[in-house]
Amino acid sequence: MKNKIKVFRAIHSLTQENLASKVKASRQTIIAIEKEKYTPSLELAFKIARVFKVSLEEIFQYDE
Amino acid sequence: MKLKTYKIIRLIILFFVSIATLISLNLINPIFMISSILLGKIILIYSKSKLSENITDERTVFISHQAASITYIVTTIVISLISLLFIFLSKMSTEKYFLETLGTILAYITCFIILTYSVLYKFFSKKFGD
């Protein structure tokens with residue numbers, strides 16, 4: 001699963017720590033998601049999308 | 001409290017609890033050991049509650065699930081192999097009954113672990129939809 005979290009973070013001037021505290025996750029989790037080493041749950045993905053006020057598909061792209 | 005401070009506190013507590021456990025083992029004083037472990041745990045829980053950032057979330061839960069499932073597989077295979085080894089060795093050894101008993105106990109422990117896993121698997125699969 002590809003994602004554009006890093007891009008959206010830069011647009012919203014958010015650090016990994018800021019985003020982590022907004023979605024109630026650890027900074028390590030945000031790092032792992034950005035590096036595409038960990039696929040977030042649907043709940044966490046929705047929380048991240050809500051922080052950036054965009055739809056889920058705009059941040060996460062599922063490639064088979 | 002920052003994560004770095006918490007990690008330092010955790011390290012200090014670990015150090016002191018280890019020393020306290022060693023001293024209490026030397027003095028054969030279980031009360032001192034239990035109270036030092038409890039005190040360390042209370043301080044850890046308190047300092048964790050004062051943390052400004054999350055350190056446990058769904059990724060840590062996922063990691064612990066992965067580790068637990070691999071531990072289950074490795075443990076059951078290793079214990080069952082050791083129990084088989086003991087039972088086979090008992091046929092050739094002079095310490096026949098000791099090895100056979102040990103092998104049988106280990107085999108029962110393996111059965112108990114597998115049974116517990118199966119029961120809990122069934123329970124959680126029912127709970128989450130089956």
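Arg9(A) and Glu34(A) form a salt bridge in which the closest N and O atoms are 2.5 Å apart; the term covers a side-chain nitrogen of Lys or Arg within 4 Å of a carboxyl oxygen of Asp or Glu. Because Arg9(A) belongs to helix 1 of chain A and Glu34(A) to helix 3 (residues 27-34) of chain A, the pair ties together parts that are 25 residues apart in sequence. Helices (H or I, at least four residues) and strands (E, at least two) are DSSP runs, numbered from the N terminus. Arg9(A) is buried at 11% relative accessible area, and Glu34(A) is buried at 15%. Buried stands for under 20% relative accessible area, exposed for over 50%, and partly exposed for what lies in between, with a 1.4 Å probe and protein chains only.

This is a predicted model, in which local features need pLDDT of at least 70 and side-chain atom pairs count only at pLDDT 80 or more, while totals for chains, interfaces and linings use all residues. Residues are numbered from 1 along each chain as its sequence is written, chains are lettered from A and ligands numbered from 1 in the order in which they are written, and side-chain values use heavy atoms, with hydrogens and water left out.

Over all chains, the whole structure holds two salt bridges. One of them joins Lys47(A) to Glu43(A), with 3.8 Å between the closest N and O atoms. Both residues lie in helix 4 (residues 42-52) of chain A, four residues apart, about one turn of the helix. Lys47(A) is partly exposed, at 34% relative accessible area, whereas Glu43(A) is exposed, at 54%.

Met1(A) sits in the segment before strand 1 (2-3) of chain A and is partly exposed, with 40% relative accessible area.

Two loops hold a residue other than glycine with a positive phi. In chain A this is Ser13(A), with phi near 50°, in the loop between helix 1 (5-11) and helix 2 (16-22). Ser13(A) is exposed, at 61% relative accessible area. In chain B, Ile28(B) has phi near 50° and is placed in the loop between helix 1 and helix 2 (30-49). Ile28(B) is exposed, at 73%.

The surface of chain B carries a nonpolar patch with about 770 Å² of accessible area together, formed by Ile8(B), Ile12(B), Phe15(B), Phe16(B), Ile19(B), Ile23(B), Leu27(B) and Phe32(B). Patches are made of residues with over 30% relative accessible area and no salt bridge, with like charges joined within 9 Å and nonpolar side chains (Val, Leu, Ile, Met, Phe, Trp, Tyr) within 5 Å. Helix 1 (residues 3-27) of chain B gives the most to the patch, with seven residues. Among them is Ile8(B), which is partly exposed at 47% relative accessibility.

The largest pocket holds about 170 Å³ of space. A pocket is an open set of points on a 1 Å grid, where a 1.4 Å probe fits, with protein on both sides within 12 Å along at least five of seven lines; lining residues have an atom within 4 Å of a point. Its lining consists of Ser69(B), Tyr117(B), Leu120(B), Tyr121(B) and Phe124(B). Helix 4 (residues 96-127) of chain B gives the most, with four residues. The lining divides into four nonpolar, one polar and no charged residues.

Key: Accessible areas come from the Shrake-Rupley method with a 1.4 Å probe; for residues, only the protein chains shown count as cover. Grid points are joined across faces, edges and corners, and a volume is the space filled by probe spheres set on the points. Ala, Val, Leu, Ile, Met, Phe, Trp, Tyr, Cys and Pro count as nonpolar, Asp, Glu, Lys and Arg as charged, and the others, Gly among them, as polar.
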